[in-house]
Amino acid sequence: MKIIDEIHNINNGIWNINGNVVVNKERSLINLGTKKVLKYDEEIKRCFYSNDYLFLLKDDGISILDENLNLLNRIDKNNAVGISIFDQENYAIWFENEDEEEYFDLYSNAELIGKGNFFYGKFLSKNYCYRFRKRKDLQHFRLTDLLDNKTYFEYQCEEGYELASEFYIWQDTLVFKYFNEDNSILEQRDIKTGKIIWKTNIQGSRFIFDEKRGLLASIWGKSGMYADSKDQYQIINLNTQTVEIGSPLKDFNFTQVESHMETFLYDSKLYFSDNPFSYAGEEPNPIYVGCFDIESKKVDFIQAIPEMAGSQVAQIIRNGEKLYVRSSNGDLIVYDI
Amino acid sequence: MCLNKWMFNGAKNPPDFKQNMKKAIDNLPLTDDMAKKFLKDVENPTASKLKKYLKEDFDEIFKLK
């Protein structure tokens with residue numbers, strides 16, 4: 001791959017919004033595809049994204065932007081601390097009380113329809129969320145609507161098990177994971193009734209989810225560092241209810257490929273990083289970006305990034321024929337694939 | 001929140017270790033992106049929420065041995 005651009009001093013992530021790559025750098029939003037730049041002033045307290053939308057938040061209101069940095073909606077609301085956006089007229093605005101506890105106002109078609117309090121969990125869509133009884137109570141959840149007027153089902157882990165932080169809606173089902181010291185289990189349940197559809201043992205790894213194809217994929221390994229370690233991939237197909245675990249086809253060893261590190265799935269290509277540690281006083285080790293084909297099961301390439309030696313790959317995004325790789329030091333390299 | 005544990009040598013523990021570490025957390029250059037990465041089960045993850053949880057969970061994350 002050939003380097004076609006480098007951007008430095010990115011102190012935030014790079015955001016993949018509707019197939020556009022947007023960077024937030026030095027009080028400017030930059031669409032790296034169109035090169036459009038939107039500068040924002042000191043009054044803006046937060047500049048972030050929620051689902052497929054960007055937002056700018058200040059003391060007296062919130063602006064919702066699309067990926068091309070066009071203003072979609074301006075909401076006049078004082079003292080908000082955040083917003084969860086489903087679309088430009090359906091959103092939840094977050095506030096904090098004097099005890100720093102959060103609550104939200106929920107809007108449907110830009111009309112206030114209710115308030116939510118003491119929420120520990122996450123919105124999965126404008127209709128569903130999972131919620132815990134309290135923070136860090138990871139043995140139990142309820143699947144409810146956002147205002148907690150309706151509980152679809154609840155789940156209690158068996159003794160010794162804990163929920164993993166991976167919940168996905170796929171078609172009309174909820175897919176989630178839980179684990180103990182010895183086992184990791186994936187369950188799929190009907191989203192409205194909680195009826196179990198599929199339950200299977202899996203390897204404990206963090207996945208990237210391809211909703212369109214109903215696939216969960218991961219890759220990991222340290223065989224270059226530990227002789228008894230295996231380099232492996234895991235692909236779960238929700239359509240066929242199959243779990244495939246194997247060794248990727250390649251003629252070299254992984255050193256530090258972690259399934260929890262940022263990976264990116266683009267068609268059949270799973271991009272991953274190999275991040276060997278560097279130690280003070282020694283020559284920094286190079287780090288790598290690689291590509292695993294989930295259909296051929298072959299590692300297409302692995303490429304050193306000498307420009308980022310001693311750092312770690314923090315994020316990978318593919319957009320068209322460009323691959324964006326951001327380091328933990330805030331450097332971004334753009335490759336032409 | 002899933003964060004690594006950090007082990008420290010208790011024999012070298014200065015009396016104000018915990019207080020100093022909590023002050024250091026306040027000064028960490030944490031971002032909303034980091035909060036989104038670490039607070040997987042939290043809606044509206046923010047840098048300030050990440051700092052708050054790091055301090056609340058201090059004794060679980062930073063262990064003196």
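Domain bounds, as I use them here, come from an automatic or database domain assignment. This is a predicted model, in which local features need pLDDT of at least 70, side-chain atom pairs count only at pLDDT 80 or more, and totals for chains, interfaces and linings use all residues. Residues are numbered from 1 along each chain as its sequence is written, while chains are lettered from A and ligands numbered from 1 in the order in which they are written.

I start with chain A. Its domains are domain 1 (1-12 + 215-337), domain 2 (40-118) and domain 3 (122-202). Between the C-alpha centres of domain 2 and domain 3 of chain A there are 27 Å. Where these two domains of chain A touch, seven residues of domain 2 are in contact with five residues of domain 3; contact means C-beta atoms, placed from the backbone, within 7 Å. On the domain 2 side, three residues are nonpolar, four are polar and none is charged. Here Ala, Val, Leu, Ile, Met, Phe, Trp, Tyr, Cys and Pro count as nonpolar, Asp, Glu, Lys and Arg as charged, and the others, Gly among them, as polar.

Now chain B. It has four helices and two strands, in the order β-α-α-α-α-β from the N terminus. These are DSSP runs: helices are H or I, at least four residues, and strands are E, at least two.

What does each chain give to the contact between chain B and chain A? Chain B gives 11 residues and chain A gives 16 residues. The chain B side has two nonpolar, three polar and six charged residues.
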